[in-house]
Amino acid sequence: MAYLLGQPGDARSVRASFALFLAAGGVLAGITFAATGLLTWALLPPFLVAMPAYGLGTWLGSRMFGLASERSFRLGCYGMIALAALLGLPLWDGLLR
């Protein structure tokens, strides 16, 4: 994502690249999980809990997309990348598991 943000182009084309990258990654991950037996019925409850939040976030993001300037869009994306990196640190393992 950071690479795509660093490429020239307007926010609309960057957002389209994000969508394609994430959709293709999701499909490939799903196929890989299914092929290796990692896709089980035990994953259904967390999926059902997360799906409404994911759907709401996607809907809100599409509605709010045109409201930000190019700079604000990119800064917001960099901020979300930084937050994801911080939340993924092993420092939180003891608290979150």
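Which helices each supply at least two residues of the nonpolar patch?

The model is predicted, so local features need pLDDT of at least 70 and side-chain atom pairs count only at pLDDT 80 or more, whereas totals for chains, interfaces and linings use all residues. Residues are numbered from 1 along each chain as its sequence is written, and side-chain values use heavy atoms, without hydrogens and water.

**View 1. The nonpolar surface patch.** L83, L86, L87, L89, L91, W92, L95 and L96 form a nonpolar patch with about 850 Å² of accessible area together (Shrake-Rupley method, 1.4 Å probe, only the protein chains shown counting as cover). Such patches join nonpolar side chains (Val, Leu, Ile, Met, Phe, Trp, Tyr) within 5 Å, from residues with over 30% relative accessible area and no salt bridge (a side-chain nitrogen of Lys or Arg within 4 Å of a carboxyl oxygen of Asp or Glu). Helices α4 (70–87) and α5 (93–96) each supply at least two of the residues (helices are DSSP runs of H or I, at least four residues, numbered from the N terminus). The largest share, 3 residues, comes from α4.

**View 2. The largest nonpolar core.** This core comprises L5, A11, V14, F18, F65, F73 and C77 (buried Ala, Val, Leu, Ile, Met, Phe, Trp, Tyr and Cys residues joined through side-chain atoms within 4.5 Å; buried means under 20% relative accessible area with a 1.4 Å probe, protein chains only). Two or more residues come from each of α2 (11–36) and α4, with the largest share, 3 residues, from α2.

**View 3. The ring of F65.** The charged end of R15 sits over this ring, 4.4 Å from its centre (CZ of Arg within 6 Å of the ring centre and within 35 degrees of the ring normal). F65 is buried, at 13% relative accessible area.

Notes: Buried means under 20% relative accessible area, exposed over 50%, partly exposed in between (1.4 Å probe, protein chains only). Patches are made of residues with over 30% relative accessible area and no salt bridge: like charges are joined within 9 Å, nonpolar side chains (Val, Leu, Ile, Met, Phe, Trp, Tyr) within 5 Å.
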